[in-house]
Amino acid sequence: MKHIRILILFPILMAMLLLPGCMKYSMSGASTNAKSIQVDPFFNNTELGPANFGQTVTNRVKDYFQQNSSLRVVPTNGELQIEGTIVTYATAPIAPQASQGTGANTTPNYGAQTRLTITLKVNYVDNAEEKNSFKDRSFTFYADFDNDSQNFA
């Protein structure tokens with residue numbers, strides 16, 4: 001009886017050990033067998049963004065792939081290649097707040113919260129599966145923060 005259990009469990013254990021090496025990476029639902037990605041520097045084309053913001057975005061993209069995939073980040077000749085431009089770095093008031101006080105003690109109308117919006121225009125090349133590639137696709141992200149907090153970072 002023990003031998004039968006071992007004969008049944010052995011193929012299952014082998015499959016569990018061998019199958020993770022066959023997994024494919026998927027970006028936006030498209031899968032690829034690529035093993036490396038090249039992340040070129042993102043260019044900061046905004047007026048309001050911090051001077052080092054392009055480098056910050058580039059490093060965050062590299063960190064994302066290193067932490068969330070089995071892809072190896074390489075400086076050149078990656079099977080996958082990603083590059084982009086930061087096209088929007090803007091703040092806008094949201095959640096308006098009414099004036100308070102009267103006379104000389106009046107505080108003006110201002111937004112209780114501000115929204116920071118960042119838009120990236122990205123080019124992605126999959127040298128193994130050309131159908132997965134795209135050019136000039138925009139991705140927009142935003143975050144809201146309270147104006148009374150002094151921790152914009």
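Me: Leaving aside its neighbours within four places in sequence, which residues is T58 in contact with?
Reply: V39, D40, P41 and F42. Contact means heavy atoms within 4.5 Å. This is a predicted model: local features need pLDDT of at least 70, side-chain atom pairs count only at pLDDT 80 or more, and totals for chains, interfaces and linings use all residues. Numbering starts from 1 along each chain as its sequence is written, and side-chain values use heavy atoms, with hydrogens and water left out.

Me: Why is T58 called buried?
Reply: Buried means under 20% relative accessible area, exposed over 50%, and partly exposed in between (1.4 Å probe, protein chains only). T58 has 2% relative accessibility, so T58 counts as buried. T58 is found in helix α2. Helices (H or I, at least four residues) and strands (E, at least two) are DSSP runs, numbered from the N terminus.

Me: How do you know that the span of α2 agrees with its number of residues?
Reply: The expected span is 1.5 Å times one less than the number of residues. For the 16 residues of α2 (residues 53-68), that gives 22 Å. The end C-alpha atoms of α2 are 22 Å apart, so the two agree.

Me: Which residues of α2 are buried, and what puts them on the same side?
Reply: The buried ones are F53, G54, V57, T58, V61 and F65. They cover an arc of only 145° around the axis, so they lie on the same side of α2. The arc is that of the directions from the helix axis to the C-beta atoms. R60 and Q67, on the other side of α2, are exposed. An α-helix has 3.6 residues a turn, so residues three or four places apart point the same way.

Me: What makes both faces of strand β3 covered?
Reply: In β3 (residues 36-39), S36 and Q38 are buried on one side, and I37 and V39 are buried on the other.

Me: How do you know that β3 pairs with β5?
Reply: Two strands pair if DSSP finds at least two bridges between them. Here 3 bridges join β3 to β5 (residues 72-74), and the two run parallel. I37 has V73 in β5 as its bridge partner.

Me: Why is F145 called buried, but A95 partly exposed?
Reply: F145 has 18% relative accessibility, so F145 counts as buried. A95 has 35%, so A95 counts as partly exposed. F145 lies in strand β8 (residues 134-146), and A95 in strand β6 (residues 80-97).

Me: How many residues along the chain separate F145 from I94?
Reply: They are 51 residues apart, with their C-alpha atoms separated by 9.5 Å. A95 and D146 are also 51 residues apart along the chain, and their C-alpha atoms are separated by 9.5 Å.
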